[in-house]
Amino acid sequence: MTASRTGGRSRSRSSAGTGIRAAARRASAVGLALAAFLAAVPAAPAAAVPQEADGAGLDRYYRQHPAWRSCVLGPDDEVGQGLEKAGAQCADVTVPLDYSDPLGRTLTVAVSRIRATDARRRIGVLLVNPGGPGGTGLDLAPEVRTAMKDVGARYDVIGMDPRFVGRSTPLDCGWPVGVTLLSPGGDRAGFDRQVAFQKDLADRCRTTNASVLPHVSTRNTARDMDVVRGALGERKISYLGYSYGTYLGTVYTGMFPGRHDRVVLDGALDPRRYGPRLMRGVERENEQALADWAAWAAARDGDYGLGRTRTEVLAAVDRITAAAGRGPLTVGTGSETFRLDAAQVPFVVFSGLSDDTDGARAELAEALSVLARAAEGRATPVPPGLAQLLRFTLTSAGSAYGSAQTAVLCGDVAAPRDVEQYWRDVEDSRAEHPLFGPLTAAVGPCAFWDPPREEPAPVRRETAALIVAATGDPRTPYTGSVALRNLLPHSRLVTLRGANRHGIYGEYGSSCVDDAVNAYLATGRLPARDLTCVRQPG
């Protein structure tokens, strides 16, 4: 979850927590809502301004009335067109930059809404977040509405681009890359280069966005969510969050008790472990996912040429990383030429392991087949999926995403500032986790960031949520979901066994998981006990 999408869903967001194809922003469409039903949805009772939001000037934010309009920004706006096809409308909600100074500078937060079509049995609103931090939620609403099946008709499904993300007021530090999760390579010289590079990224943000960086935090995103609740005229909201979105949901329910209804947390984080070095501790899960992928690729050696056994495929990965350590690998031609060294190759492998479906595994196999040829000095055209990932990772195309994600992580929890601590951690990790250990232990921009303005929000044990988790999740390990379940004793845990997958509900095709979530959203009743589902072959 650091670096590009610290905790976003596998399918749709580019990052360390996604599959190869994740750099593309895609909105899937569902059937159009009937206009007659849309017009018939009754007005909600006046929304309360909670104690957390008390203070001069905040009432005007809670009492605003969003101006709903078409989501389409122009003829090439595929996201907007997908939203419109799904029956969504969009609006901007105004929020204060600094909640301690509500009369000062303001921001806009972009929201989308697919209104309930079953007006008579309407339950309320369901606000959704895809993770990240930095993932756009605006275009998630149609996908969630589809996953909800019949119960979707009873909710207004609300997508929200968090502050400084997507169509909300932007943040872009002008970075030459979109990802900060980079390996230090095999020696001290590579580590020192990374220290200088990561410090430069932090300096660029401080130079370009010093006035807003103190206000980029999960606490403030949670405050924005509550303003959205008030602007929608709702006393309570239901919530669905994936990956980092589970932490956001935990923060919201802790800061605004009594303002939430049904809460679903998919791929949950242990909030006590959340911080800039969140990827530390996921090495074993990723090694297992890599081994399982290698067995899959070995069975398809005729397609990818990486080896006929798991051992041979893993040896091919080792040869690629060793070659990158000796000098950059060049792939592509013309303007689509990329050079990958020991800093980037481990990330490319890592980025392809959050999804164990055949399509995602094929993309990783194709990418590593290209890198294997490059390691032998052969000309290698870049397939579209890998080109997207490299363009997002290695160029300024991903700057805004990386800037916003890093600003949230650094603004929430302070990172260690002693560079030598990172070097010791890197060296200590090499023997046991030679590929992923140095990557997850590496220094990042947060080591050079100003300290957070606020402490992390407390967890409220009274919160009752439905937590969904896969036992082999390579981004937010299953242990995090178990830990959150123990912190929230009134919650329930739905476990999917046998899946190396990040993001399950509505994404993975597990009817067992989907049915459990939809039953909870329909009735508001958690299962009587924790549930276990099993991944089905294929």
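**Reading the sheet around strand β6**

Six of the seven residues in strand β6 (residues 260-266) are buried, so this strand is largely enclosed by the rest of the structure; the model is a predicted one.

Reader: How do the strands of a sheet pair, and which strand is joined to β6 by five bridges?

Author: Strands of a sheet pair through backbone hydrogen bonds, either parallel or antiparallel. Here strand β5 (residues 237-242) runs parallel to β6 and is joined to it by five bridges, with Tyr242 having Asp266 in β6 as its bridge partner. Strand β9 (residues 466-470) also pairs with β6 in the parallel sense, over three bridges, and in that pairing Leu265 stands opposite Ile467.

Reader: In what order do the nine strands of the open sheet follow one another?

Author: The order is β1-β2-β4-β3-β5-β6-β9-β10-β11, and the pairing is mixed. At the edges stand β1 (89-96) and β11 (531-534), each of which has a single partner strand, so one side of each is left without a neighbour in the sheet. From one strand to the next, the twist averages 20°. An antiparallel case is the pairing of β1 with strand β2 (residues 106-114), which extends over eight bridges and includes Asp92 with its bridge partner Ala110 in β2.

Definitions and conventions:
Residues numbered from 1 in each chain as written. Predicted model: local features only at pLDDT ≥ 70, side-chain atom pairs only at ≥ 80, totals over all residues. Heavy atoms only, no water. Buried < 20%, exposed > 50% of the residue type's maximum accessible area, 1.4 Å probe, protein only. Helix = DSSP H or I, 4+ residues; strand = E, 2+ residues; numbered from the N terminus. Pairing = 2+ DSSP bridges. Axes fitted to C-alpha atoms, helices over the stretch in contact; angles between N-to-C directions.
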